[in-house]
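Reader: I am new to this structure. Please take me through it in short steps.

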Amino acid sequence: MNQTPRWRPISDLPVLASILDSMLHDDEGQYRTLCECRPKPYVLDDHTVGRVIQVFTQQRADLSIYQQQLSHWMESDLIASQKREVERLQCCLAKLHKLAESILSLAEELKQGTGLVPKIETNS
């Protein structure tokens, strides 16, 4: 069943900005953390990597909802500062989408090495 979106009023722009800015900050941190695990994927377990994949797959799908809201606002009569903020958030969404793709790709790569403890060479 196709539902008509419930558009938020432009007065919610600061709330949406806060959500997207926080999401971008958190996602950048998540990506850095996963990059640090790249040379040693065995430090992660299957559940953790699976959860990352689940969360970022859902987030990637949700980004289109935010984009629709921003597009709806752009079609309305905005003052200059509102228009600049909506444009900034559209750029933020593009970064979030690219970051989600990068995180999912990296998580798939890391999934191949989770739980595999490297062999330690001993001189016996």
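Author: One term comes up soon. Buried means under 20% relative accessible area, and exposed means over 50%. Keep in mind that this is a predicted model.

Reader: Which share of the contacts between residues at least 6 apart in sequence joins residues at least 24 apart?

Author: Take the contacts in the chain between residues at least 6 apart in sequence. Some of these join residues at least 24 apart. Their share is 86%.

Reader: Are α1 and α3 roughly parallel or roughly antiparallel?

Author: Helix α1 covers residues 13-37 and helix α3 covers residues 80-111. Their axes come within 9 Å and cross at roughly 25°. Angles under 35 degrees count as roughly parallel. The two helices are therefore roughly parallel.

Reader: How many nonpolar residues does the contact of α1 with α3 have?

Author: α1 passes α3 in a left-handed crossing. By class, their contact has three polar residues and six charged ones. The nonpolar residues number 18.

Reader: How are α2 and α3 oriented, roughly parallel or roughly antiparallel?

Author: Helix α2 takes in residues 46-74. It packs with α3 at an angle of about 160°, the axes 9 Å apart. Angles over 145 degrees count as roughly antiparallel. That makes the pair roughly antiparallel.

Reader: How many nonpolar residues are in the contact of α2 with α3?

Author: α2 passes α3 in a left-handed crossing. Their contact has six polar and six charged residues. The nonpolar count is 17.

Reader: Is L13 buried or exposed?

Author: L13 lies in helix α1. Its relative accessible area is 6%. The cut-off for buried is under 20%. So L13 is buried.

Reader: Which residues is L13 in contact with, leaving aside neighbours within four places in sequence?

Author: L89 is one of them. L13 and L89 are 76 residues apart along the chain, yet their C-alpha atoms are separated by 9.6 Å.

Note on methods
Residues are numbered from 1 along each chain as its sequence is written. This is a predicted model: local features need pLDDT of at least 70, side-chain atom pairs count only at pLDDT 80 or more; totals for chains, interfaces and linings use all residues. Side-chain values use heavy atoms; hydrogens and water are left out. Axes are lines fitted to C-alpha atoms, for helices over the stretch in contact, and angles run from 0 to 180 degrees between N-to-C directions. Helices (H or I, at least four residues) and strands (E, at least two) are DSSP runs, numbered from the N terminus. Angles under 35 degrees count as roughly parallel, over 145 as roughly antiparallel, 65 to 115 as roughly perpendicular and the rest as oblique. A crossing is left-handed if the near helix is turned anticlockwise from the far one by less than a right angle, and right-handed if clockwise. Ala, Val, Leu, Ile, Met, Phe, Trp, Tyr, Cys and Pro count as nonpolar, Asp, Glu, Lys and Arg as charged, and the others, Gly among them, as polar. Contact means heavy atoms within 4.5 Å. Buried means under 20% relative accessible area, exposed over 50%, partly exposed in between (1.4 Å probe, protein chains only).
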